[in-house]
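Reader: I have a fold to look at and a few questions. Can we go through them briskly?

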Amino acid sequence: MSVNNRVLAFIGARSGSKGLKNKNIKPLHDKPLMAWTIEAALASQSIDLVVVSTDSKKYAEIATSCGAQVVLRPEELAGDDASLMAALQHGYHEIQKKFGDFTTLVNLQPTSPLRTSVHIDEALKLYYQNMNESNVRVFSCFSVPAKYAWIMNCDQQGYAQFVDKEEHEKTSHARQKNKGIMLPNGAIFILPTSDLTQFYNGKCIPYTMNERDSIDIDTLDDFEKAAKIMLK
């Protein structure tokens, strides 16, 4: 990257996972889980600096051994209710003091071990193609069946309502006429450092991955599934 377009990879890896204890450092094929993400970021042709934000000294040591820089976050940004954006804002502020300014931030969750440097570089290419638009973002996702356009929830009176408001206007609900449906997978999110206030802002462009590579590890079942996929 040129000095005028510096790219930061930010990996948030707090230690307080409830669903799968210490999942971010749980060994996956002889590597801590977050090592797969760190290595993918380091292998990217577009990223200038890779930083792990964590509340754990043990996690920090592992991240450093994998080649990443580390920002230790305060306790108030490490709990279950702490927002990722708040941790990101804190982390970037600390990074600026040590490494200077960056133009672009790539958020990479450590629970997506099948997201590779190729995915990262492709997503960044898509971002660059559209970055003339103010405050544009790029997020990774995968396609889901068109029938999911019919997802519903209940209003305050208990009546079922389509989440997609356009479905209320239809007199016929045919799967073939549904729009393409996508689900964010959390693997990649790219945004300008000039606007670290929200992820989804109405100017988000999807970068589509396949469902297999989109696996996000939250549970032991997810972990075992990822391990089996990686063997293939």
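Reader: Which residue in strand 4 is the bridge partner of Ala 9?

Author: This is a predicted model, where local features need pLDDT of at least 70, side-chain atom pairs count only at pLDDT 80 or more, and totals for chains, interfaces and linings use all residues. Residues are numbered from 1 along each chain as its sequence is written, and side-chain values use heavy atoms, without hydrogens and water. Strands here are DSSP runs (E, at least two residues), numbered from the N terminus, as are helices (H or I, at least four). In strand 4, Ala 9 has as its bridge partner Val 50.

Reader: How many bridges join strand 1 to strand 4?

Author: Strands of a sheet pair through backbone hydrogen bonds, either parallel or antiparallel. Two strands pair if DSSP finds at least two bridges between them. Strand 1 (residues 7-12) and strand 4 (residues 49-54) run parallel, and the bridges joining them number five.

Reader: Which strands does helix 2 touch?

Author: Contact means heavy atoms within 4.5 Å. Helix 2 (residues 57-65) packs on the sheet. The strands touched by helix 2 are strand 4 and strand 5.

Reader: What is the order of the strands in the open sheet?

Author: The sheet has seven strands, with mixed pairing. Its edge strands, strand 5 (69-72) and strand 11 (204-208), each pair on one side only. The order is 5-4-1-6-10-7-11.

Reader: How many charged residues are in the lining of the largest pocket?

Author: Asp, Glu, Lys and Arg count as charged; Ala, Val, Leu, Ile, Met, Phe, Trp, Tyr, Cys and Pro as nonpolar; the others, Gly among them, as polar. The lining has seven nonpolar and nine polar residues. The charged ones number seven.

Definitions and conventions: Axes are lines fitted to C-alpha atoms, for helices over the stretch in contact, and angles run from 0 to 180 degrees between N-to-C directions.
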